Amino acid sequence: MMRQLLLTFLLLLVPQTFGFVAPQSSSKHVASAYTKRAPALALSGDATLIDQLTDPLLLQHMATGGALAFAGDVIAQSLLSKEEEKSIPPKDWDVIRTNAFVVFGALYTGGAQHFIFNYLNNSFDEPLARLGMAQFFFIPFCYYPTFLFMTPALRAGWEYGFGSEEAKDRQNQLFSEVASKIPPTLLRNWCFWLPVQFVQFNYIPAELNVTFTAAFGVIWNAILSMS
């Protein structure tokens with residue numbers, strides 16, 4: 001039953017997110033043609049908050065981020081499973097952990113990065129400037145702090161009930177575990193994501209930036225699980 005639900009979830013959400021923009025230019029200046037676009041609704045001064053939050057592209061990015069976070073964590077847990085019989089999802093699947101990753105994937109990978117990449121693509125002409133801002137500002141000062149506070153809180157709350165003493169103790173335990181891994185993980189992050197996002201900001205259409213990073217996030221989760 002869980003395998004059927006997993007396949008249904010991915011079949012419904014993932015295919016529609018991987019082909020919604022066709023290349024618009026075949027010139028040798030593919031980088032500027034693909035990664036620089038007119039300001040999106042999310043950046044328009046005339047758009048209301050409701051307009052920004054109901055932008056179809058934002059909602060599609062959030063669905064993509066959540067779906068691929070779901071796939072990435074299920075694969076990662078399958079690689080780490082101690083069960084002799086390997087399966088996807090694994091028999092010892094931590095569903096609560098996956099749920100926390102899905103929420104983070106939808107809200108940050110899909111949602112926040114929708115606005116971050118719009119900002120970078122419309123504020124910096126040079127792809128290397130976008131890359132530098134993404135990896136040396138937004139990753140250490142936005143991505144990891146958000147992950148550090150959000151995922152332990154969600155996991156602890158769903159396990160023991162939000163606001164309970166057990167949840168607070170569990171949150172502190174998870175917070176310490178995650179925080180201790182951030183310095184070495186940040187180094188691995190740069191080794192993996194610098195070349196990936198170099199390609200992103202040079203050759204990937206701006207509308208596909210979120211999908212591109214979310215897809216490579218599946219590989220990234222597997223790498224972290226094996227390290």
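## Alanine 69 and helix H4

In this predicted model, alanine 69 counts as buried, because its relative accessibility of 13% falls under the 20% limit. The residue belongs to helix H4. Leaving out residues up to four places away in sequence, alanine 69 touches Phe101, Val102 and Gly105.

Helix H4 itself is made up of 25 residues. From its first C-alpha to its last, H4 reaches 36 Å, which is close to the 36 Å expected at 1.5 Å a residue.

Aspartate 55 is placed in the loop between helix H3 (49-53) and H4. Is aspartate 55 buried or exposed? Aspartate 55 is buried, because its relative accessible area is 8%, under the 20% cut-off.

The N-terminal end of H4 is capped by aspartate 55. In this cap, a side-chain oxygen of aspartate 55 lies 3.1 Å from the backbone nitrogen of leucine 57.

## Overall architecture

The protein holds 8 helices and 0 strands. Along the sequence the pattern reads α-α-α-α-α-α-α-α. Of the 227 residues in the protein, 46% are buried, and both alanine 69 and aspartate 55 are buried residues.

## The largest pocket

The largest pocket contains about 1,000 Å³ of space. Its lining consists of 41 residues, and those nearest the centre of the pocket are Phe101, Phe147, Trp220, Asn221 and Leu224. One of these, Phe101, is also touched by alanine 69. By residue class, the lining of the largest pocket comprises 21 nonpolar, 14 polar and 6 charged residues.

Which helices each supply at least two residues of this lining? They are helix H4 (56-80), helix H5 (95-123), helix H6 (127-160), helix H7 (165-203) and helix H8 (209-226). H7 provides the largest share, with 11 residues.

## Asparagine 221 in the pocket lining

Asparagine 221, listed among the lining residues nearest the centre of the largest pocket, is located in helix H8. Asparagine 221 counts as buried, because its relative accessibility is 17% and the limit is 20%. Lining an open pocket and counting as buried are thus both recorded for asparagine 221.

With neighbours within four places in sequence left aside, asparagine 221 is in contact with Gly72, Asp73 and Ala76. H4 spans residues 56-80, and alanine 69 is placed in that helix.

## The largest cavity

The structure also holds 2 cavities of 30 Å³ or more. The largest cavity has a volume of about 50 Å³. The residues that line the largest cavity are Tyr108, Gln113, Ile116, Phe117, Ala134, Phe138, Ile139 and Gln197.

H5 and H6 each give at least two residues to this lining. H5 contributes the most, with 4 residues. The lining of the largest cavity divides into 6 nonpolar residues, 2 polar residues and no charged residues.

## The second largest cavity

About 40 Å³ of space lies in the second largest cavity. Its lining is formed by 10 residues, of which His61, His114, Phe117, Asn118 and Ala206 lie nearest the centre of the cavity. The elements that supply two or more residues to this lining are H5 and H8.

Which element provides the largest share of the lining of the second largest cavity? That share comes from H5, with 5 residues. The lining of the second largest cavity comprises 3 nonpolar, 6 polar and 1 charged residues.

Definitions and conventions:
Residues are numbered from 1 along each chain as its sequence is written. This is a predicted model: local features need pLDDT of at least 70, side-chain atom pairs count only at pLDDT 80 or more; totals for chains, interfaces and linings use all residues. Side-chain values use heavy atoms; hydrogens and water are left out. On a 1 Å grid over the protein atoms alone, a cavity is a set of points where a 1.4 Å probe fits but cannot get out, and a pocket is an open set with protein on both sides within 12 Å along at least five of seven lines; lining residues have an atom within 4 Å of a point. Grid points are joined across faces, edges and corners, and a volume is the space filled by probe spheres set on the points. Ala, Val, Leu, Ile, Met, Phe, Trp, Tyr, Cys and Pro count as nonpolar, Asp, Glu, Lys and Arg as charged, and the others, Gly among them, as polar. Buried means under 20% relative accessible area, exposed over 50%, partly exposed in between (1.4 Å probe, protein chains only). Contact means heavy atoms within 4.5 Å. The expected span of a helix is 1.5 Å times one less than its number of residues. A polar contact is a pair of N or O atoms within 3.5 Å; within protein, one must be able to donate a hydrogen and the other to accept it, and residues adjacent in sequence count only if both atoms are side-chain atoms.
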